[in-house]
Amino acid sequence: MAYEKGGRAVEIIKEDVFRKQLKKGLTGGYLFFGDEDYLKTHALRAAREAICPDPTFALFNDVRLDALDYTSSALMDALMPPPMMGEQKIVSVTGLSLSSMRSSEIDDLCEVLSTLSDYDYNVLILCVPAGEMEEGTAKKPSSVLQKLAKYLTPVSFDSISGARLAAWVGKHFAAHGVTAAPDVCSYLIEYSGKAMYTLSFETEKLSYYVLQNGRTVVTREDVKNVSIGAIEADAFALTNAILDGRSAEALAALSVMKFRRIDPIIVLSEVSRTLCDLLSVKTLQEQGMPQGEIARALKMNEYKARLYANGASSKPRERLARALTLCADADLALKLSPQGYMAIENLICGL
């Protein structure tokens, strides 16, 4: 597909087109963007296996940079060396938040990308997280996407849904040696959300659970007893990042919830509830209560109790209490003025 903006078209291919190109052989550079990070990771892994199948030469022919490693000069250094014992090498950059980069940094990146034809033995894949590369709600290409599209082929990884996603869930169950009826697969999606990373984790967890209990069929009751709801899972990840002082990760987790248009009042209430649960678990741990008894006392399923016990054990009580106080302050700020997500951002930065 192509979008027109500023008199110039941006050609964007879909994931299925990229897979066809992968079978024929990749050349040049690609920009992975879109809502579904799971599909990006899968496609990147397939590209790595195709270009560098021998792990012996991975150090030379499979060069990986993440957001912490990246600078324009580091990328240039990665592109320059020729492949070892092969015709191609793959260079990948993952986790880069292009929307937070300064204009001069984007220009530096483009200057490096302009040299790709000089080092045509490289296949470069720039993989950005969900929520990047878009403007507004119409999914029109951003100015950054237009710049990068001069040098890279943009590949859009859109979320899948409906019967296709339910079938994907069913295949994941089958890969773990269990089965689930289509309505159970759809119920899991409804319960835990459409994010494929989350669903992949939940299918694996459910499969082990039913197999451990001597069964091979997943039921709705299993989903209710074992799986974590979508908002709860997001809130747990957000809360842990806040408590650990990982502000960048906390803001990234919040951006996902913002992207899904979850009401900030609901977000804050879920974070507060998670903190209360963690503090309750912490209190019972300090009293010497075993994990199983904690689960029964707080009426948690065993998996959730184990998850929260692991989280609470590494968190000082004072930090949990302080976070809960800040939640109360943020709740008051939300009620007194329409601060929206800003109140939660202040909570993240204030602990």
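A: Strand S4 (residues 28-33) and strand S7 (residues 122-127) run parallel and are paired over five bridges. Strands (E, at least two residues) and helices (H or I, at least four) are DSSP runs, numbered from the N terminus, and two strands pair if DSSP finds at least two bridges between them. This is a predicted model, in which local features need pLDDT of at least 70 and side-chain atom pairs count only at pLDDT 80 or more, while totals for chains, interfaces and linings use all residues. Residues are numbered from 1 along each chain as its sequence is written, and side-chain values use heavy atoms, with hydrogens and water left out.

Q: Which residue in S7 does tyrosine 30 stand opposite?
A: Tyrosine 30 faces isoleucine 125 in S7.

Q: What is the strand order of the open sheet?
A: The order is S3-S10-S4-S7-S6-S5, six strands with parallel pairing. Strand S3 (13-14) and strand S5 (62-66) are at the edges with a single partner strand each, so one side of each has no neighbour in the sheet.

Q: Which strands does helix H4 touch?
A: Helix H4 (residues 72-79) packs on the sheet and touches S5, strand S6 (89-94) and S7. The direction of H4 makes about 165 degrees with that of S6; axes are lines fitted to C-alpha atoms, for helices over the stretch in contact, and angles run from 0 to 180 degrees between N-to-C directions.

Q: How about S10, and where does serine 156 come in?
A: S3 pairs with strand S10 (residues 153-156) in the parallel sense over two bridges, with lysine 14 opposite serine 156. S4 also runs parallel to S10, joined by four bridges, and serine 156 is the bridge partner of phenylalanine 33.

Q: What does phenylalanine 32 touch?
A: Leaving out residues up to four places away in sequence, the contacts of phenylalanine 32 include Phe18, Lys40, Leu44, Ile125 and Phe157. Contact means heavy atoms within 4.5 Å.

Q: Is serine 92 buried or exposed?
A: Serine 92 counts as buried because its relative accessibility is 1%. Serine 92 lies in strand S6, and its contacts beyond four places in sequence include Leu44, Arg48 and Ile125.

Q: And where is glycine 34 found?
A: Glycine 34 is in the loop between S4 and H2, and at 3% relative accessibility it counts as buried. Among its contacts beyond four places in sequence are Lys40, Pro129 and Phe157.

Q: Last topic: which element has the lowest mean pLDDT?
A: Strand S1 (residues 2-5) has the lowest, at 47, and strand S12 (residues 217-218) the highest, at 97. pLDDT is the predictor's confidence in each residue, from 0 to 100. The mean for the protein chain is 85, and 90% of its residues reach 70 or more. Residues 135-139 stay under 50. Where pLDDT is low, the predicted coordinates should not be read in detail.

Definitions and conventions. Buried < 20%, exposed > 50% of the residue type's maximum accessible area, 1.4 Å probe, protein only.
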